[in-house]
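Take a look at the fold below.

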Amino acid sequence: MEGHTNSSKILLGYFLANLEILFDKRASERVKALSFNIQAFTTNQQHPKFMENNLITLLDRCLISITKGSGDEISLAANTIGLMAVTAADRAHELYVESLPVLSKILNHGSPCSKIIECMILLAFFGAKNCEETENSMQLIWELIHKGNANKHSLSILPAAISAWTFLLASMDGRRLSYKYWQGAISYFFHLLEEEMDEAIGHAACEALTLILETGSHEKFSHRSSNITKDEIIERLNNFILKFKEQDHDQNQDYNEELDFISDVINLFEDDDCPKSSINIRGHLLTLSTYSQIIQFNYLKRFLGSGFEVHMMGNKLLQNVFDFTPKYHVHHEKLWEEPTVTYFVPEARTKKTRQRLFMSPNSAYNKARTQLLNKNRDLTKDGEHQ
């Protein structure tokens, strides 16, 4: 217990020291402090006292780095805020509300990097309290998506913007989506697959159209002047996947595998079935039963990287997203030893004597063994119910 207390104090000291460094005038020092926070949050090592007393101060320093910093500092600060949204479950809405004015301004009038888009979407995913707040964030990204054809910078972040929009759409109930916001989305993504875009843009558009099919709210994404049917969407998706596979894209195995999966999903949609996927996480089975869940899983796994499994095993917020409950078993190491019975019987080493002492059902040895097995069985049952 004393060792745990000392470790906790040391961790708190590190967090406080790095928070102080974020006030430093030297960008190189601030970058080091942000890198520490990212490492700590990625591995789910937050300190309750620090999170309670210093969360908003840390957020403010990160927002200042985003607005006044440059290069790596902006990306690291945005990444830190995204991780704060994942780890600070009970204060995610507070983070969302405090960050929205700054991030909205950058998304509307600045030149956001992909990390700022990611940060905005994670704040909305974990912090938005209702559909209106989620759709407001989707609108910010949607406006950015439409800038993608207007200038070179926006085109470079178009894949990240489409993936972020799709990720938030995956969290929405199709029946609650507004009729006025997304009309024309099908037409936009449909024509992206027709144009000679790079593979990342095509892949993101492919995911978006496939998810729109799953929502069952085709009419909310259709424009009155463009009557693209479900069959036409499926045909365009299949044609894009086929064309992609025919080209030399062997170097990008991830895209190949994900497009193969999308092709399988489309086939299931045609049969009015649902996609399912099972993932082993440190010996515990996670089952994903919709394409929406698969989109969410892939996005969060990419964001958390090596820390994804750590969060899935210990982060209640992430476990709730996927309805995932790891089952832990209680081990009783000392109780699994074989019973031993010691006898002192002069000249009792004949075969019949040994059988009576050790092999007979009524022997002291077998009675002790039976009692021990029963006790182990009861303890195991108790452990499974905990």
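The side chains of E73 and R30 form a salt bridge, at 2.7 Å from N to O. E73 belongs to helix α4 (residues 72–87) and R30 to helix α2, so this pair ties together parts 43 residues apart in sequence. Both E73 and R30 are buried (under 20% relative accessible area; exposed is over 50%, partly exposed in between, with a 1.4 Å probe and protein chains only). A salt bridge here is a side-chain nitrogen of Lys or Arg within 4 Å of a carboxyl oxygen of Asp or Glu. The count comes to eight salt bridges.

This is a predicted model: local features need pLDDT of at least 70, side-chain atom pairs count only at pLDDT 80 or more, and totals for chains, interfaces and linings use all residues. Residues are numbered from 1 along each chain as its sequence is written, and side-chain values use heavy atoms, without hydrogens and water.

K32 also pairs with E29, at 3.5 Å from N to O. The two sit three residues apart in helix α2 (residues 27–42), so about one helical turn separates them. K32 is exposed, with a relative accessible area of 55%.

Now the helices, which are DSSP runs (H or I, at least four residues), numbered from the N terminus. Helix α11 (residues 199–215) packs with helix α14 (residues 291–304) at about 145 degrees, with axes 9 Å apart. Axes are lines fitted to C-alpha atoms over the stretch in contact, and angles run from 0 to 180 degrees between N-to-C directions. E207, T210, L211 and E214 in α11 meet Y291, S292 and I295 in α14 (contact means heavy atoms within 4.5 Å).
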